[in-house]
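Visitor: Could you take me through the model, one question at a time?

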Amino acid sequence: MTCVLITGAAGFIGFHLAQRYLADGYKVVGVDNLNDYYDVNLKLARLAILESKNGFQFVRAELNEPDRIFELFNEHRFEIVVNLAAQAGVRYSVTHPQVYLQSNVIGFGNILEACRRHEVAHLIYASSSSVYGGGRKMPFKIDQNVDHPLSIYAATKKANELLAHSYSHLFGLPTTGLRFFTVYGPWGRPDMALFLFTGAILQGEPIKVFNNGLMKRDFTYIDDIVDGIYRLTHHYPVPDPNWNAEAPTPASSAAPYRIYNIGNSKSVELLYLIRVLEDCLGTKAVKEFMPLQLGDVIETHSDIEALAREVGYRPRTDIEEGVANFVRWYREFYGC
């Protein structure tokens with residue numbers, strides 16, 4: 001069996017991805033530090049489902065502890081590594097930058113070095129749409145300049161892409177970075193808008209709507225995200241024969257390195273998301289309009305043509321279906 005390492009396995013995306021690999025007969029080793037950035041009980045509930053399945057092994061570890069990570073790679077023969085572990089959250093990074101540097105930069109550096117030492121066939125890692133910063137040219141394309149991040153979180157994700165390229169160039173390590181666009185769905189993160197709004201509306205509390213509701217996001221359903229990652233598993237990047245050093249594109253290289261957007265390729269107004277949620281809940285929201293938060297961007301919209309061309313990726317879940325699925329899960333999980 002192919003052995004896959006998933007870091008952040010008790011997290012939202014890692015949990016769903018691990019289930020997909022296990023269902024198809026892969027052996028999965030899941031790493032997570034189970035930190036308390038959000039409700040640990042939700043992480044433990046995800047983990048309990050994974051541990052009930054054949055072929056899954058859980059390891060609690062911190063990525064920024066190199067000896068523990070190198071020991072893990074010595075114990076297993078990983079063909080594929082999917083690095084999803086990171087300190088998440090744009091706004092939290094404004095007040096806690098050191099946490100992001102330790103987890104997202106130092107931790108990712110340890111993963112890169114372990115992959116190099118053990119000749120991993122393919123490292124897939126999470127970048128973020130936040131690397132596009134305050135850019136307003138839509139949709140965001142992978143060959144755009146991303147040198148102006150607006151948050152510490154975004155800067156660490158840009159740093160991941162740069163570090164990955166160095167390892168691809170120096171050591172021939174095949175790396176693929178995925179710029180995720182606002183992932184949502186069942187078992188999602190409690191710090192995300194859809195989760196926060198749902199809880200507040202059901203409890204009769206006001207919801208905080210930032211930038212007075214004048215926000216747009218490329219909301220991407222979890223099943224579509226998992227499908228895109230899964231399709232890339234054995235699609236190893238190779239040096240781009242058309243890469244031109246005199247007119248370089250940041251999305252490929254003369255090294256085995258690729259960057260892709262992975263989103264829904266639709267920009268949805270925040271107020272429309274709220275209306276869809278209200279319809280699903282059968283309750284109107286009490287809106288508290290707030291100014292734009294430091295580090296936030298006004299709009300995201302992904303161009304996914306490169307990923308579609310390479311592996312046939314096409315998102316299938318529209319916002320109405322996705323929100324309904326989330327609400328159904330939320331009510332069942334929390335009994336409300």
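Predicted model: local features only at pLDDT ≥ 70, side-chain atom pairs only at ≥ 80, totals over all residues.

Visitor: How many disulfides does the rule give?

Guide: A disulfide is a covalent bond between the sulfur atoms of two cysteines. The rule applied here asks for a pair of cysteine sulfur atoms within 2.5 Å, and by this rule the count comes to 0.

Visitor: Which cysteine sulfur is nearest to that of C115, which is in no disulfide?

Guide: C115 is buried, with a relative accessible area of 0%, where buried means under 20%, exposed over 50% and partly exposed in between, using a 1.4 Å probe and protein chains only. The nearest cysteine sulfur is 12 Å away, and it belongs to C3.

Visitor: How many salt bridges does a search of the whole structure find?

Guide: Side chains of opposite charge can pair when their charged atoms come close. A salt bridge is counted when a side-chain nitrogen of Lys or Arg is within 4 Å of a carboxyl oxygen of Asp or Glu, and the search of the whole structure finds 12.

Visitor: Which parts does the pair of E161 and R179 tie together?

Guide: E161 forms a salt bridge with R179, the closest N and O atoms being 2.8 Å apart. E161 is buried at 2% relative accessible area, and R179 is buried at 1%. Helices (H or I, at least four residues) and strands (E, at least two) are DSSP runs numbered from the N terminus. The two residues are 18 apart in sequence, so their pair ties together helix α6 (residues 152-171) and strand β6 (residues 175-180).

Visitor: Is K284, which meets E278 in a salt bridge, buried or exposed?

Guide: The N to O distance between the side chains of E278 and K284 is 3.7 Å. E278 is buried, with a relative accessible area of 5%, whereas K284 has a relative accessible area of 64% and is exposed.

Visitor: Which residues are linked with D227 in a network of salt bridges?

Guide: Elsewhere, the side chains of D191 and R189 meet in a salt bridge at 2.6 Å, N to O, and D191 counts as partly exposed at 25% relative accessibility. The network that includes D227 links it with R20 and R231.

Visitor: Which residues form the negative surface patch?

Guide: Patches are made of residues with over 30% relative accessible area and no salt bridge, with like charges joined within 9 Å and nonpolar side chains (Val, Leu, Ile, Met, Phe, Trp, Tyr) within 5 Å. E321, in helix α11 (residues 319-334), is partly exposed at 43% relative accessible area. The negative patch is formed by D223, D318, E320 and E321.

Visitor: What is the omega of the peptide bond from M138 to P139?

Guide: Most residues other than glycine have a negative phi, and most peptide bonds are trans. P139 is found in the loop between β5 (122-128) and α6. The peptide bond from M138 to P139 is cis, with omega near -10°.

Visitor: What is the phi of W187, and what is that of N211?

Guide: W187 is found in the loop between β7 (183-184) and α7 (193-202) and counts as buried at 14% relative accessibility. N211 lies in the loop between β8 (207-209) and β9 (216-217) and counts as buried at 16%. Neither is a glycine, yet phi is positive in both, near 70° for W187 and about 55° for N211.

Visitor: What separates the C-alpha atoms of S166 and Y257 in space?

Guide: S166 lies in helix α6 and counts as partly exposed at 33% relative accessibility. S166 and Y257 are 91 residues apart in sequence, and their C-alpha atoms are separated in space by 9.4 Å.

Technical notes. Residues numbered from 1 in each chain as written. Heavy atoms only, no water. Areas by Shrake-Rupley, 256 points an atom, 1.4 Å probe, with all protein chains shown as cover. Lys, Arg positive; Asp, Glu negative; His and termini not counted. Charge placed at Lys NZ, Arg CZ, Asp CG, Glu CD.
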